[in-house]
2 protein chains.
Amino acid sequence: MARSARSKRSAGKDGRSNRAAIGTRRGASAESLAKKQREISISEFFTKNRHLLGFDNRRKALLTAVKEAVDNSLDACEEAGVPADVTVEIQAVKKDERYRVIVEDNGPGIVRTQVPRIFGQLLYGSKFHTLKQARGQQGIGISAAGMYGQLTTGKPVVITSRTSPRRPALRYQVAINTAKNRPEVSREEEVDWPAKHGTRVEIELEARYQRGRQSVDEYLKQTSIANPHVDIRFLAPDGREEHHTRVTKELPDEPLEIRPHPYGVELGLLIKMLKETKARALGSFLKQDFSRVGAKVAQDICEKAGLDYKSRPTRIARTEADRLIQAIREVKIMAPPANCIVPIGEDLLLKSLRSDIPEAAFYTACTRSPAVYRGNPFQVEAGLAYGGALPADDLARVFRFANRVPLLYQPGACLITRSLIQTDWKNYGLAQARGALPTGPLVVMVHVASVWVPFTSESKEAIADYTEIFKEIRLAIQECGRRLRIFVNRRRREADAEKKRSYIEQYIPHIGDALQEILGLSDRVRSQTVTNLKVILEKSRKMG
Amino acid sequence: MARSARSKRSAGKDGRSNRAAIGTRRGASAESLAKKQREISISEFFTKNRHLLGFDNRRKALLTAVKEAVDNSLDACEEAGVPADVTVEIQAVKKDERYRVIVEDNGPGIVRTQVPRIFGQLLYGSKFHTLKQARGQQGIGISAAGMYGQLTTGKPVVITSRTSPRRPALRYQVAINTAKNRPEVSREEEVDWPAKHGTRVEIELEARYQRGRQSVDEYLKQTSIANPHVDIRFLAPDGREEHHTRVTKELPDEPLEIRPHPYGVELGLLIKMLKETKARALGSFLKQDFSRVGAKVAQDICEKAGLDYKSRPTRIARTEADRLIQAIREVKIMAPPANCIVPIGEDLLLKSLRSDIPEAAFYTACTRSPAVYRGNPFQVEAGLAYGGALPADDLARVFRFANRVPLLYQPGACLITRSLIQTDWKNYGLAQARGALPTGPLVVMVHVASVWVPFTSESKEAIADYTEIFKEIRLAIQECGRRLRIFVNRRRREADAEKKRSYIEQYIPHIGDALQEILGLSDRVRSQTVTNLKVILEKSRKMG
């Protein structure tokens, strides 16, 4: 049936004209297929796949553009040791259709030669080859936002930047040549700009502004929770001004860059490193190019692999490299240093929960020790807010963070959500249907910090499924859950006690009346007896 | 507290040596930051992000490698009009650690010049720039599998291919230079090969073989369900041989290539098309380069945009292009032709469900009419199997397909899952907890076919969130759900009737006995009365 309907359709007018125009491929030969093979530019790829970058609909596009610009600003300010002042402005060019996003920071600015490539080339950046915690990591975000703006409005990105009060501020118009993935600067000029140093980015794009969950407002609020040292001003298109002031002037500790850890290195990468190293001996290569490898460990590895400590790294063959990998797995090596990651910390997490969710009755937070997946250090934190005026009949609400950036989309794809669903919340006194989040007056917050967060897509909305990270999230949640259980149980006991007490208070006077009648007591003796009875029963209740 | 623990850690031995080696970035200037900026090769990007390609763990890596090779084989055979015979072999090189995947087909083969780039370069392929349904679309899959094999075992991909019985079979060893994203051919030779034409791919990789859900076995089984015209032989590493024979020799209709539809074109793309067109006049550009634009529609668009039909496309300015976009949105244009997509069809879907899930009691399937998202035609099909011996206490099981390819991972990230969770299954007589799939003896199958399936990541495991696709899935499910409700209700009525009937049969003899006693009836009259009563009650039961 479906088949015959199809045939009719293909015989339609347009069907025929298509056949004529492009020719049927049925019976295609290797040669005719070969003619269709082409290189695909990374920009073309992401233009067609722009949902991978977070631009699948207008509302999300607005959020993604703001997010990429703000993430860049916060990273730059932290690297420069400047407490960030960030202003986000959204202007409506045409309501529900076209907006202008303007993000300005007081960071170190960007030097002239770098501006075009940072904003007009995908896969260009400073953090990809670096092992330390940062918001950006891929060299895609801001150029992708520019590319989307250009795709939907035809307008270039406008960047203003000043690197020092002694130098002029420069303004650039940068477009991206998608076929070549190369920037095109259409204009560059000196401008008057009051800022001493910093960067201002303006992108016009097809977008829609709407408040609520998954909005720019929500993103900035959550950003401020995870970044108590940052000051954010938001000028909304409806004229409102929101100000998230900093809670602390102290910057978070600086994450330090580390070298790769041997346990995370695979054969292909090892071969590449052996080819490219500056070290002249295998032993010194191991010591210099890896984290946590001292003379002793290097010697052990060489010995176990049956290789000379002094052999030239460039001369190591594939099979020898394979033996090295085996040897590395057998030698005990200290976990990588954790100073490349900086958690928010239990104290600040608790403070944030209390200030953000003041209506709850119970708060707890837990920062786990650092751990390692595929050689990458990472650290998990979790927090709970429970009870009070939180809605008791809804599914628990989840706040997800990666490297201090709130994740607002793709909860279903995220390891954090899966960990929460697979936790048995009944253990902690909550209701939970199979395959669902727990139900109850609960907000859960999870933060994953790492030198390389494995996201499920370039838009960085969800964390991919690594067993080691799953385990740490589970442990953090369980720790919080146990504390929650104590609270819930105490509450339950108190409620039970309250019930018992009310029974006692309710019935004892009647017992008194009955006794008075049976035993012929005076009013004084009766009320004395009632009081005594209360005290005794109260004691026995407490003992039980 | 967390803060001071941190400081201690950063002062540790390795912390200090790192500081010395790389230098602290705090107080970084625009200049020092600029020095860190670098271009990132697409291969480096995907090496680090290999979970995006489906290589996050060993078991999944094995499945992904098989899948990419099989998808390519099926596409090639269909394009050549050959009923595909595919052999998949997995050899254990070292159990649970290293395997060799070998996929061989009877397709048209690959010409010599194309082999290196198809297998040794990411983002190279024939389908990216083509608008018609195919399994492959990105030019990433098979080269990514090779890259992963190389990364984990250091070994190149081995390809054997023959394009005609009159030409020799050639065998190649292809590696990928990840820094440049370019192929390196380490060996090329003529070989004896019995096949007249076809391609054989061998990849050695770190992997793990395990049966069950999300396994190669499951993938091949589901592939055979969605591709009844294909013959698949599987040689498992444990020595088993599975054979999925074809159910029909008839190939599915051939999807035809179409041009882009005006409704899906955005400003940026329009500007690019105007620059690159061969047409000399705006009107003929619209007619030639788009689907469903005839002379009348082209004229209407030009008129509404206030542009001359004869103006040179290359001279159209940005603001004029913007007016063209507005005009396109105002002119009524026929939906794009649907012969670029080929659904499985209700009949074959039902057949597949019946043969794959023989234990159910009720089956239904629904193929929707084609629809359009972002200018891309797509079509949704759904099927249900219910009742019988299916487990009644589990969550419903979901089979997801995109362009006839089973999706085994990332269900939580998939629009199909979201559509199912947001459907109110209580309407159809099933139990369902909030935020969860329905519970009951139910299998749901959904197939999305499109010229461009929007996946949530390059590994193509889940479908991204487009409103138009969501709606169509909902409608398909609802259609099936309504039929299910009729079945469930009938079953319920039958069960109720059965209950009533059993009551009647249980109690009437007692009533007979009582009547006999009261009225002094003879045995004959009593049993006559009982029979009459039964008939009357049975009637009234049916009437009610």
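**Exercise 1. Strands in chain B**

Which strand of chain B is joined to strand β2 (residues 85–94) by 5 bridges, and do the two run parallel or antiparallel?

*Solution.* Work on the predicted model.

Step 1. Start from β2 of chain B, residues 85–94. Its partner here is strand β9 of chain B, residues 231–235. The two run parallel, joined by 5 bridges.

Step 2. B:D85 has B:D231 as its bridge partner in β9(B).

Step 3. Look for another partner. β2(B) also pairs with strand β3 of chain B, residues 98–105. This pairing is antiparallel and has 8 bridges.

Step 4. Inspect the connection. β2(B) and β3(B) make a hairpin, with 3 residues between them. In the turn, B:D96 has a positive phi of about 65°.

**Exercise 2. A glutamate in a helix**

Decide whether B:E218 is buried or exposed, and list its contacts beyond its sequence neighbours.

*Solution.* 

Step 1. B:E218 belongs to helix α8 of chain B, residues 216–226.

Step 2. Apply the cut-off. Buried means under 20% relative accessible area. B:E218 has 10% relative accessibility, so B:E218 counts as buried.

Step 3. Set aside neighbours within four places in sequence. B:E218 then contacts B:G212, B:R397, B:F399 and B:L408.

**Exercise 3. The interface of chains A and B**

*Solution.* 

Step 1. Count the residues. On the chain B side, 129 residues are in contact with 127 residues of chain A.

Step 2. Take the area. Interface size is often given as the accessible area lost when the parts come together. Between chain B and chain A, about 10,900 Å² is buried. Carbon and sulfur atoms give 48% of that area.

Step 3. The rule finds 15 salt bridges across the interface. One salt bridge joins the side chains of A:R434 and B:D394, at 4.0 Å from N to O.

Step 4. Find the main contributor. On the side of chain B that touches chain A, helix α2 of chain B (residues 13–22) gives the most, with 7 residues.

Step 5. Sort that side of chain B by type. It holds 47 nonpolar, 38 polar and 44 charged residues.

Step 6. Check for strands that pair between chains. Strand β1 of chain A (residues 38–39) pairs with strand β4 of chain B (residues 124–125). The sense is antiparallel, over 2 bridges. A:E39 has B:Y124 as its bridge partner in β4(B).

How values were computed. Residues are numbered from 1 along each chain as its sequence is written. Chains are lettered from A and ligands numbered from 1 in the order in which they are written. This is a predicted model: local features need pLDDT of at least 70, side-chain atom pairs count only at pLDDT 80 or more; totals for chains, interfaces and linings use all residues. Side-chain values use heavy atoms; hydrogens and water are left out. Contact means heavy atoms within 4.5 Å. Buried area is the accessible area (1.4 Å probe) that two parts lose on being put together, summed over both. Helices (H or I, at least four residues) and strands (E, at least two) are DSSP runs, numbered from the N terminus. Ala, Val, Leu, Ile, Met, Phe, Trp, Tyr, Cys and Pro count as nonpolar, Asp, Glu, Lys and Arg as charged, and the others, Gly among them, as polar. Two strands pair if DSSP finds at least two bridges between them. Buried means under 20% relative accessible area, exposed over 50%, partly exposed in between (1.4 Å probe, protein chains only).
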